[in-house]
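Please open the model in your viewer and keep the selection tool at hand. The stops below follow one another through the chain.

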Amino acid sequence: MFPLLLSATSVFLAAMLFVAGAMMLTTTVGLRLTLEGFSSGATGLILSCQAIGFVVGTQIGPPLIRRVGHIRVFSAFAALVCTAALLHGAVVHGVLWGVLRFVAGMCGSVMLVVLESWISAHAQPATRGRVMGIYMIIYYASGAGGQYLVGVSPPEDYRSFSLAAGLLVLSLVPLAMTGLAAPAVAN
């Protein structure tokens, strides 16, 4: 099992960077909405757009992966979510932020499909549960780390969004540079 974990290091590293950036962004957006004086109802509506985007991502991700492949899809959606993070910091507007939360949710869903299918495809049936368990530990620890990073810069500062965007876009580097074969795609 150790050789499998070692070979999946690039996927685990991509997951760490993505989840840390996504959690930092989500927390920063919630805090910033409050600081900007949005009502709790408006804040809830804007933040719920991420969940709607997540569901949409589960529908569009697999056909895209089949059409262009895992690495290209992951790279494209990492660039999109990075752009959404930067736009959060550039313009404060409720409708725009709802759209950006939708985009972030959709991108997050697709990126997780890529990561988890990659892990699942390379794990043997006898070790798949343990490997996914390690992935989940990495996922939750990275999420906590991303929320911890919110304290690096105040939510009203553009640097908070820039740091989250940096983590999100850096998540594509380990997968783009991996020697691990991408999972086979069924047409």
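Select serine 153 first, together with Arg159 and Ser160: serine 153 is in contact with both, its neighbours within four places in sequence being left aside (contact means heavy atoms within 4.5 Å). The model is predicted, so that local features need pLDDT of at least 70 and side-chain atom pairs count only at pLDDT 80 or more, while totals for chains, interfaces and linings use all residues. Residues are numbered from 1 along each chain as its sequence is written, and side-chain values use heavy atoms, with hydrogens and water left out.

Serine 153 belongs to the loop that links helix H6 (128-148) to helix H7 (158-170); helices (H or I, at least four residues) are DSSP runs numbered from the N terminus. Is serine 153 buried or exposed? Its relative accessibility is 8%, and therefore it counts as buried (buried is under 20% relative accessible area, exposed over 50%, and partly exposed in between, with a 1.4 Å probe and protein chains only). Now display the side chain of aspartate 157, which forms a polar contact of 3.3 Å with the side chain of serine 153. A polar contact is a pair of N or O atoms within 3.5 Å; within protein, one must be able to donate a hydrogen and the other to accept it, and residues adjacent in sequence count only if both atoms are side-chain atoms.

Next, move to serine 160, located in helix H7. Its side chain reaches the backbone oxygen of serine 153 at 3.0 Å. Serine 160 counts as buried because its relative accessibility is 1%. Beyond its neighbours within four places in sequence, serine 160 is in contact with Met24, Thr28, Ser153, Pro154 and Pro155.

Now select helix H2 (residues 9-35) alongside H7. Two packed helices are described by the angle between their axes and the distance between the axes. For H2 and H7 the angle is about 155° and the axes lie 7 Å apart; axes are lines fitted to C-alpha atoms, for helices over the stretch in contact, and angles run from 0 to 180 degrees between N-to-C directions. H2 is therefore roughly antiparallel to H7 (angles under 35 degrees count as roughly parallel, over 145 as roughly antiparallel, 65 to 115 as roughly perpendicular and the rest as oblique). The residues of this contact comprise 13 nonpolar, three polar and one charged; Ala, Val, Leu, Ile, Met, Phe, Trp, Tyr, Cys and Pro count as nonpolar, Asp, Glu, Lys and Arg as charged, and the others, Gly among them, as polar. Among the residues that meet are Met24, Thr28 and Arg32 in H2, and Ser160, Phe161 and Leu167 in H7.

How do the axes of H4 and H7 cross? They come within 8 Å and cross at roughly 180°, so H4 and H7 are roughly antiparallel to each other. Residues to display include Ala78, Cys82 and His88 in H4, with Tyr158, Phe161 and Ala165 in H7.

Within H4, select serine 75. Serine 75 counts as partly exposed because its relative accessibility is 22%. Its C-alpha atom is separated by 9.8 Å from that of leucine 170, 95 residues apart along the chain.

Finally, show helix H4 (residues 70-90) with helix H5 (residues 94-122), whose axes come within 9 Å and cross at roughly 150°. H4 and H5 are therefore roughly antiparallel to each other.

Terms used:
Helices (H or I, at least four residues) and strands (E, at least two) are DSSP runs, numbered from the N terminus.
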